[in-house]
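Colleague: Could you take me through one part of this model up close? I would enjoy a residue-by-residue look at a helix and its contacts.

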Amino acid sequence: MRADRLGRLRRQYGGSLVTTGTRLIDVPCRYGMHLMIALRLPLAQVGAFYIVFGTMLLLSGLGRLGIDRALTREMARVLAGGDAASARASMIRAFAVVLALSLGLTAIAAAAAWPLAMWVMHKPDMVPLFLIGALLIVPQNMGNAIAGALAGLHRVTQSQIVYTWLWPGLFCVTAFLLPLSAAHALAAVAVAMTLATLIGGIMLVRDLPRRNGVAGQAEPAPTPLLATGLSLFSLELVQLAISAAPPFVLGALSSAEQVGLYAIAWRVVLVIYMFVSGVASMVSPRFARLYVLEDRAGLVREAGRAIGFALTLAIVPILLVTLEPARILMLFGSQFEPAAPALRILLVGQLAATLTTTTPELLGMTGYARSLLRINALALFTLIAGLVCFARPLGANGAALATAATMVVNAIGVTLVCRRELGFVPLGALYGAWRRPSRVAHQ
């Protein structure tokens, strides 16, 4: 009896625990990176680094346009029907589009380096930083496309390695060997992302299924990955804007020191996001597969299980950040203690996002990407309006207020749409699963 129960738990949660264990490596890697930057750079250079880093991550998103997420959905869908040939064809087309877009954006970013530094930031010494930052775009996008393909193959652990902790870990090794400055840090990021992309490519080639087509069989009809990606990209665009827009706007309207304070507070909050986003990435291909198979009961069950897993992982970081914000910030250096109010504000938004973990992915993978587009447009408007209103008078606290409001608006929107279109939300599915055993026990 006990062996059967352990076997059932291993089948249900074994893969999730392995993926989560891999995800936990992100903590020392990613936060080793941010800690190294915070401790080894003056506050103004910390701000300059995050202005350029955030700007280039946002531009990188425009080079993907959600194609990596669309590729995950498409590969999971066609492989559910055993069509490996279509999966390979979709992957090759996705890589070609992402590479072309990324090369074009690299050229645009390099050309815009001088105007951005001189006219927008009013900081001439940032011109070389923007030029170095342009080198991040191609490896960042190709690495994400490879990670999306791995997720579509249900190689979620390998996908998360490439998406999350591999390049920050390589950054720590590279930066340890350099006399660190903002320019050196950006160059180290570019090198680390390039190496991570190469390693991810090796993983993908090893795990690709063999073609299963018959000789003379017509090639499968191409799937509009770009159109699907654009709908799914609206969610990623809001996430990228939340990460990149506050440092950029603060840099233009306030000081680099305020950017540094906000950037470190945001990185602390990202500890929570790191766990819940890992769960969301893990279940996205499962949502797509269950939806194709028209298994509604399985979809509800998977959604409830995923949100329960995410909340279990997030509760300890939420409590730690709530109880000791100043002490946690001082781990990065005493100069970051004034960011405690911003950290508390950001925590409110992250709590709303945590309670709706996997809901955006559920909508995107079940064919409601257009509804996501409308929600994310409203969230993006909230972010920009909040930054314009609050960044100059309140500095880092104003940027935190705009960011938290955006996350709350997005959480409310996806909850309402999911309940209307699918008839449930993941948090409700979790509550229903919890109530059913309780009812059985009382009968």
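Modeller: Happy to, and let us start with Glu 302. Contact here means heavy atoms within 4.5 Å; leaving out residues up to four places away in sequence, Glu 302 touches Val 283, Arg 286, Phe 287 and Leu 290. This is a predicted model, where local features need pLDDT of at least 70 and side-chain atom pairs count only at pLDDT 80 or more, while totals for chains, interfaces and linings use all residues. Residues are numbered from 1 along each chain as its sequence is written, and side-chain values use heavy atoms, with hydrogens and water left out.

With Arg 286 there is also a side-chain to side-chain polar contact at 3.0 Å (a pair of N or O atoms within 3.5 Å; within protein, one must be able to donate a hydrogen and the other to accept it, and residues adjacent in sequence count only if both atoms are side-chain atoms). Glu 302 counts as buried because its relative accessibility is 10% (buried is under 20% relative accessible area, exposed over 50%, partly exposed in between, with a 1.4 Å probe and protein chains only).

Glu 302 sits in helix H13, residues 296–323 (helices are DSSP runs of H or I with at least four residues, numbered from the N terminus). Leu 319 belongs to helix H13 too, and at 46% relative accessibility Leu 319 is partly exposed.

For another helix, look at Leu 240 in H11, residues 225–253. Leu 240 is buried, at 13% relative accessible area. The C-alpha atoms of Leu 240 and Gly 54 are 8.1 Å apart, although 186 residues separate them along the chain.

Key
Helices (H or I, at least four residues) and strands (E, at least two) are DSSP runs, numbered from the N terminus.
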